[in-house]
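This report looks at side-chain pairings and at the exposure of selected residues. Please read it alongside the sequence and the model.

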Amino acid sequence: MRQIEDYWKNWSALMYQSVIWGVPFDGPIPKLFVNEGVGPLADHLANPLGWTVMSDRLIKYLWPLINDCVQLLPAPLYERSGKMIPGYQIVNVIKVIDCVDREKSPKHLDRYGAFSMPTEACIDPSRTGGA
């Protein structure tokens, strides 16, 4: 899969967190450069920023499931030559449901001591809001 490379060096941690923590985002988005010569672009692009970058085609397919849960932001994708690559957006999840039963789920902590989502998490149906 092609990877996005971010060359913006004055990157702010606050900007990064506001995109990944379920908060609407209105900050600047740096140019994202795509590695060339490794085949066609995928519908979901992995990247070192941890952002969810999806093709318009994938967003259209998922839209009935995600329309009230996400904020779509323009994804300024570029080839190294400077040519813009259309048809991609950053998908910022803004609706987060805290439905993990932490008492029944195995305890997994990340390197900062925060609860980390284990693959075998127990969901508390009373906290899903019907999702």
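Is C122 buried, partly exposed or exposed? With a relative accessible area of 28%, C122 is partly exposed, where buried means under 20% relative accessible area, exposed over 50% and partly exposed in between, for a 1.4 Å probe and protein chains only. C99, at 14% relative accessibility, counts as buried.

The model is predicted, so local features need pLDDT of at least 70 and side-chain atom pairs count only at pLDDT 80 or more, while totals for chains, interfaces and linings use all residues. Residues are numbered from 1 along each chain as its sequence is written, and side-chain values use heavy atoms, with hydrogens and water left out.

A search of the whole structure finds zero disulfides (pairs of cysteine sulfur atoms within 2.5 Å). The search for salt bridges, defined by a side-chain nitrogen of Lys or Arg within 4 Å of a carboxyl oxygen of Asp or Glu, finds three in the whole structure.

| Salt bridge | N to O distance |
|---|---|
| R57 and D43 | 2.4 Å |
| K95 and D68 | 3.8 Å |
| D98 and R127 | 3.3 Å |

K95 lies in the segment after β8 (88–93) and D68 in the loop between α2 and β5 (70–74), so the pair ties together parts that are 27 residues apart in sequence. K95 is partly exposed at 42%, and D68 is partly exposed at 49%. D98 and R127, both in the segment after β8, are 29 residues apart; D98 has a relative accessible area of 44% and R127 one of 35%.

Terms used. Helices (H or I, at least four residues) and strands (E, at least two) are DSSP runs, numbered from the N terminus.
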